Amino acid sequence: IIKPSGWKAPDVEAEIQRQIEDGAWDEREIELTDAAQVREFTAGAGSVCPGRPEVAMTEDEVNFLGKMILDEVMELFATVHPPAEAKAILKGFIDTSKDIPKPFSRA
């Protein structure tokens with residue numbers, strides 16, 4: 001193991017004693033990243049929040065999320081197009097989009 005100059009091993013006993021006396025959590029205000037804030041909110045709302053990102057979603061979850069995204073895009077297009085025109089434009093985008101292969105298959 002390469003150790004930088006001036007490196008000292010941590011004083012584990014002193015840290016344990018400090019945590020016993022002062023508490024294990026540092027009370028200083030820590031600025032959270034956007035991702036950390038979302039994770040904290042999600043966990044606080046009672047949803048399962050894994051320690052690492054998870055890619056695996058069920059087909060129903062993917063369809064639900066896709067529908068939610070489409071609804072938002074339709075609302076955006078409604079700000080400048082009538083409904084039939086908005087749908088026609090979006091269908092055109094889909095019809096001319098490149099095919100994207102499924103990156104993996106779940107076993």
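Good morning. Arg 18 counts as partly exposed, at 32% relative accessibility; buried would mean under 20% relative accessible area and exposed over 50%, with partly exposed in between, for a 1.4 Å probe and protein chains only. The model is predicted: local features need pLDDT of at least 70, side-chain atom pairs count only at pLDDT 80 or more, and totals for chains, interfaces and linings use all residues. Residues are numbered from 1 along each chain as its sequence is written, and side-chain values use heavy atoms, with hydrogens and water left out.

Let me turn to charge pairs. Side chains of opposite charge can pair when their charged atoms come close. A search of the whole structure finds two salt bridges, each defined as a side-chain nitrogen of Lys or Arg within 4 Å of a carboxyl oxygen of Asp or Glu.

In one, Arg 18 pairs with Glu 15, and the closest N and O atoms are 2.9 Å apart. These residues are three apart in helix H1 (residues 12-22), so about one helical turn separates them. Glu 15 is partly exposed, at 33%.

In the other, Lys 67 pairs with Asp 71, with 2.7 Å between the closest N and O atoms. Lys 67 is partly exposed, with a relative accessible area of 47%, and Asp 71 is also partly exposed, at 31%.

Finally, a pocket. Which residues line the second largest pocket? The lining consists of Pro 50, Arg 52, Pro 53, Glu 54, Ala 56, Met 57 and Glu 61.

Methods. On a 1 Å grid over the protein atoms alone, a cavity is a set of points where a 1.4 Å probe fits but cannot get out, and a pocket is an open set with protein on both sides within 12 Å along at least five of seven lines; lining residues have an atom within 4 Å of a point. Helices (H or I, at least four residues) and strands (E, at least two) are DSSP runs, numbered from the N terminus.
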